[in-house]
Amino acid sequence: MRNRLKVLRAERDWSQAELATRLAVSRQTINAIETGKYDPSLPLALKAARLFAQPVEALFFLDDEP
Amino acid sequence: MVPIFFHLRRRLTAAKADVSRAVARGEAAVEETHTLFGLRLLVAGLFWISVYLLSRGILALGIVDQTARVLIALLPIPFFIYYLWVWMKGVRSMDELQRRIEFEALALAFPLAIVAYMTMGLLDVAMPRGLDDFGYRHGWLMMPLLYYFGLWRARRRYQ
């Protein structure tokens, strides 16, 4: 699964630590999600979508999707 | 119009500063929690090791009474249970990735420990050496070592 977390975070000029605090997770978790090493749980994905005010499918998508 | 603009700008700057302070406090709180958990685990671990070594040392003095020997030998158990309680409490406060790392560490350590114990057990069947056998006395020590190996491996995977 791929995601646009890094792009959206950069648009807001947030650090990984800042985003981690806003989502109440560790910085390591944000780093692992951004690098594609870890797929977040559905509650965390929904929380991120709400934070960026975007639908969840605009943040996370499957590898075979354009 | 101009004063309203300056007023709004001041309010916006103040709000941004508030958000920055809140985020910084949040980051500090997360760091503090991790440090506190690590410190508590370390203290509980050192306490347990100290009691374990003390217990072994007292037993080595050659106390004859069997009941006293059993009680002294089992003395480290409550301290180790406390250590595990601190660890489990820490796991409950972790986020989903950190819990996954803990799970993967245990998922590696548990089957490897079974393989090691099975090997020792089968070797004991082939060459019985009694209760003085290394495996019976010290085999449990490899379980935390395997867990820490699993933890190191899982942390590397998600770095």
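In the predicted model, L46(B) is exposed, with 11 other C-beta atoms within 10 Å. L46(B) belongs to helix α1 of chain B, which spans residues 2-60.

Chain B contains six helices and zero strands, and its elements follow one another in the pattern α-α-α-α-α-α. Of the 159 residues in chain B, 6% are buried. When contacts between residues at least 6 apart in the sequence of chain B are considered, 71% of them join residues at least 24 apart.

Within chain B, helix α4 (residues 96-126) packs with helix α6 (residues 142-157); their axes come within 7 Å and cross at roughly 140°. This angle makes α4(B) oblique to α6(B), an angle over 145° being required for a roughly antiparallel pair. The crossing of α4(B) past α6(B) is right-handed. On the α4(B) side, the contact involves I101(B), E104(B), A105(B), L106(B), L108(B), A109(B), L112(B), A113(B) and A116(B). These residues meet M142(B), M143(B), L146(B), Y147(B), G150(B), L151(B), R153(B), A154(B) and R155(B) of α6(B). By class, the residues of this contact between α4(B) and α6(B) comprise 14 nonpolar, one polar and three charged.

Between the two chains, 12 residues of chain A are in contact with 10 residues of chain B. On the chain A side, the elements that supply two or more residues are α2 (16-23) and α3 (27-34). The side of chain A that touches chain B consists of five nonpolar, five polar and two charged residues.

The two helices α2(A) and α3(A) also pack with each other, at an angle of about 110° and with their axes 8 Å apart. They are therefore roughly perpendicular to each other, since angles of 65 to 115 degrees fall in that class. From α2(A), the contact draws on Q16(A), A17(A), L19(A) and A20(A), and from α3(A) on R27(A), T29(A), I30(A) and N31(A). Four nonpolar residues, three polar residues and one charged residue make up this contact of α2(A) with α3(A).

Helix α3(A) has buried residues at T29(A), I30(A), A32(A) and I33(A). Viewed down the axis of α3(A), these buried residues fall within an arc of 165°, so they line one face of the helix. Their packing partners are β1 (2-3), α1 (5-11) and α2 of chain A, together with α4 of chain B. After α3(A) comes G36(A), which has a positive phi near 75°.

Positive phi values also occur at residues of chain A other than glycine. D13(A), which is not a glycine, has a positive phi of about 60°. D13(A) is located in the loop between α1 and α2 of chain A. With 7 other C-beta atoms within 10 Å, D13(A) is exposed, as 12 or fewer such neighbours place a residue in that class.

A24(A), likewise a residue other than glycine, has a positive phi near 55°. A24(A) is placed in the loop between α2 and α3 of chain A, the two helices whose axes are 8 Å apart. A24(A) counts as exposed because it has 12 C-beta neighbours inside 10 Å, and the limit for exposure is 12 or fewer. The C-alpha atoms of A24(A) and S41(A) are 13 Å apart, with 17 residues separating the pair along the chain.

Conventions:
Residues numbered from 1 in each chain as written. Chains lettered and ligands numbered in written order. Predicted model: local features only at pLDDT ≥ 70, side-chain atom pairs only at ≥ 80, totals over all residues. Axes fitted to C-alpha atoms, helices over the stretch in contact; angles between N-to-C directions. Helix = DSSP H or I, 4+ residues; strand = E, 2+ residues; numbered from the N terminus. Parallel < 35°, antiparallel > 145°, perpendicular 65-115°, else oblique. Left-handed = near helix turned anticlockwise from the far one by under 90°. Contact = placed C-beta atoms within 7 Å. Nonpolar A, V, L, I, M, F, W, Y, C, P; charged D, E, K, R; others polar. Buried ≥ 20, exposed ≤ 12 C-beta atoms within 10 Å, placed from the backbone. Arc of directions from axis to C-beta.
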